[in-house]
Amino acid sequence: MMGLNRMKAITKPLAQRTFATGKAYPLGLVPGRKKEGWEGMIYGFYGASAFLMIVGLANKPSTDIREWARNEAIAREKVVAKGGEVEWGTFYNKGGANGYTFSKSETGTTPVLEEDEEE
């Protein structure tokens with residue numbers, strides 16, 4: 001059961017309640033306290049994670065449909081320039097966004113960069 005004093009404190013109007021002032025710190029951490037052993041390490045991991053996220057997101061491949069269409073148009077122009085004919089429904093940009101195509105001869109082997117047929 002809730003004590004009578006506690007009940008009185010809850011039912012008091014806000015203007016009449018008393019609060020502990022001057023003892024509140026962010027996250028309850030008092031200035032000048034000694035840090036625990038894991039804190040320095042976790043801050044390092046936070047920094048490294050932020051760095052990896054920034055570098056990774058800055059270097060992510062472009063998956064925009066306009067970028068794919070541009071690369072496909074360039075590949076089709078190369079086919080036409082060589083005297084070939086462009087066929088509807090065929091993709092000519094086989095290398096994807098980066099322009100490289102890899103192939104494997106068997107399962108378990110390392111993929112090898114295919115030679116470009118144009119050169």
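**Close-up views of a predicted model**

**View 1. Y46 is exposed, with a relative accessible area of 53%.** Exposed stands for over 50% relative accessible area, buried for under 20% and partly exposed for what lies in between, with a 1.4 Å probe and protein chains only. Y43 has 44% relative accessibility and so counts as partly exposed. The model is predicted: local features need pLDDT of at least 70 and side-chain atom pairs count only at pLDDT 80 or more, while totals for chains, interfaces and linings use all residues. Residues are numbered from 1 along each chain as its sequence is written, and side-chain values use heavy atoms, leaving out hydrogens and water.

View 2. The whole structure holds 2 aromatic pairs. One of them is formed by Y43 and Y46, which are tilted, with 6.4 Å centre to centre and 50° between the planes. A pair is defined by ring centres within 6.5 Å, for rings of Phe, Tyr and Trp (its six-membered ring); planes under 30 degrees apart are called stacked, over 60 edge-to-face, and the rest tilted. Both tyrosines belong to helix α2 and are 3 residues apart, about one turn of the helix.

**View 3. W68 and F91 form an edge-to-face aromatic pair.** Their ring centres are 5.8 Å apart, and the planes make an angle of 75°. This pair links distant parts of the chain, 23 residues apart: W68 is in helix α3, and F91 is in the loop between α3 and β1 (102–103). W68 is partly exposed at 38% relative accessible area. A69, also in helix α3, is partly exposed at 35%. The C-alpha atom of A69 is 9.4 Å from that of N93, 24 residues away along the chain.

**View 4. Helix α3 spans residues 65–81.** Its 17 residues reach 24 Å from first C-alpha to last, close to the 24 Å expected at 1.5 Å a residue; the expected span is 1.5 Å times one less than the number of residues. N71, E72 and A75 are the buried residues of α3. They lie on the same side of α3 because they cover an arc of only 100° around the axis, the arc being that of the directions from the helix axis to the C-beta atoms. R66, E77 and A81 are exposed on the other side. G83 follows α3 and has a positive phi, near 95°.

**View 5. The whole chain, for orientation.** The protein has 3 helices and 2 strands, in the order α-α-α-β-β from the N terminus. These are DSSP runs numbered from the N terminus: H or I over at least four residues for helices, E over at least two for strands. Of the 119 residues, 5% are buried. Mean pLDDT, the predictor's confidence in each residue from 0 to 100, is 78 for the protein, and 70% of residues reach 70 or more. Where pLDDT is low, predicted coordinates should not be read in detail.
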